[in-house]
Amino acid sequence: MAGGSVSQEPLILGIETSCDETGVGIVRGQTLLADAVASSVAEHARFGGVVPEVASRAHLEAMVPTIRRACETAGIAPSDIDAVAVTSGPGLAGALLVGVAAAKGLALSLGKPIYGVNHLAAHVAVDTLEHGDLPKGCVAMLVSGGHSSLLAVEDITDGVVPMGSTIDDAAGEAFDKVARVLGLPFPGGPHIDKAARDGDRLYVTFPRGLTSQRDLERHRFDFSFSGLKTAVARWVEARRRDGEDVPVNHVAAAFQEAVCDVLTRKAIDACKDRGFEHLLIGGGVAANSRLRAMAEERAAAAGIAVRVPRPGLCTDNGAMVAALGSELVRAGRQPSPLDLPADSSMPVTEVLNR
Ligand code: KG4
Ligand code: ZN
């Protein structure tokens, strides 16, 4: 497998610290060599969401051991690295700062270029590690605890064009909040997914945000999940007030159905709007079994192919950052300056910090 041409490809180390995962990935070309992740998710569980200060501290403690672990797994020495890539934004300011500082230290000490990249574009680029070159044109739907966006991607190294995003809660955030209402642990997505397996999707019809004809005129590719979350909470409260048991499995299934229905409908509409025949799904919520099944089914009916990286690559990790860095190096893009910032509100249109 490791033939001559493969070993000529650039060796990239990627660092991700935009939220609660300290990720260090190493790729050569489009081949994944290591993907070390240290998560502080357990430390945030009792707060029901990520606490920025706790995340920053955890990144600081995990950074060096995670870099070491990635190098060991890949069987390389730091001096073998051709370039360092790091998430420059968007994300939690303090958390990003730890990764950017570590990447600068590494790049400076090795005398290698640094690429400060966009976290969302990295979620798209990671698919190259699983399925090779990205399609010439595709819509990427990124759904996680922090973002829910539809992006048009022609060439990932040129950046992405935003088509729509959530106007309130992110899809994963809705899963987490509804899980809390149902008494399921944080992060709620996987628990709702599991509970829903034994539930009746049609038990309640929860609202589909921004899908009325009037909303579609202004928000065709945007999402809204906060009304849905409130509707579920009200439904559950009313049941409890009446002293009745809450059928957790059914509510989970009906809620999940509402989210997946809107996500897949709009994603496929976005593909049709652009004339793209590929839909790429990324972010933690891409692990959702119903979302995957519904996307496959509806896309197939529309003649669209779905690409979803395996779950471990969908959630935040360093491999995705290395993958994007690798695409940028291979495309001959100039690296970032060594004084590149950690930009918590880095625009989605900016793929690389210059
Ligand atoms: O991408 P990610 O690891 O981190 C960011 O938020 O950037 O995504 C985490 C989110 C959480 O909200 C979690 O509840 C959700 O992804 N999630 C899921 C599933 N697995 C993780 N949501 C629905 N179904 C799942 N199976
Ligand atoms: Zn993410």
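Helices (H or I, at least four residues) and strands (E, at least two) are DSSP runs, numbered from the N terminus. The structure is a predicted model, in which local features need pLDDT of at least 70, side-chain atom pairs count only at pLDDT 80 or more, and totals for chains, interfaces and linings use all residues. Residues are numbered from 1 along each chain as its sequence is written, chains are lettered from A and ligands numbered from 1 in the order in which they are written, and side-chain values use heavy atoms, with hydrogens and water left out.

**View 1. The cis peptide bond at Pro 90.** Pro 90 is placed in the loop between β4 (83–89) and α4 (93–110). The peptide bond that leads from Gly 89 to Pro 90 is cis, and its omega is near -10 degrees. Most peptide bonds, by contrast, are trans.

**View 2. The loops on either side of α8.** Between α7 (171–181) and α8 (188–196), the loop contains Pro 187. A cis peptide bond, with omega near -10 degrees, joins Phe 186 to Pro 187. The loop between α8 and α9 (213–219) holds Leu 210. Although Leu 210 is not a glycine, its phi is positive, at about 55 degrees.

View 3. Domain 1 (6–126 + 317–330) and domain 2 (136–308) make up the division of the protein, with bounds that come from an automatic or database domain assignment. Their C-alpha centres are 28 Å apart. Contact (heavy atoms within 4.5 Å) links 16 residues of domain 1 with 13 residues of domain 2. The count of salt bridges between the domains is 0, a salt bridge being a side-chain nitrogen of Lys or Arg within 4 Å of a carboxyl oxygen of Asp or Glu.

**View 4. The area buried between the domains.** Buried area is the accessible area (1.4 Å probe) that two parts lose on being put together, summed over both. Between domain 1 and domain 2 it is about 1,100 Å², and carbon and sulfur atoms give 80% of this. Leu 120, His 123 and Val 124 supply 46% of the area that domain 1 buries against domain 2, more than any other three residues.

View 5. The average pLDDT (the predictor's confidence in each residue, from 0 to 100) is 95 for the protein, and 98% of the residues score at least 70. Residues 1–5 have a pLDDT below 50, and this stretch has 1 contact in the model beyond near neighbours in sequence.
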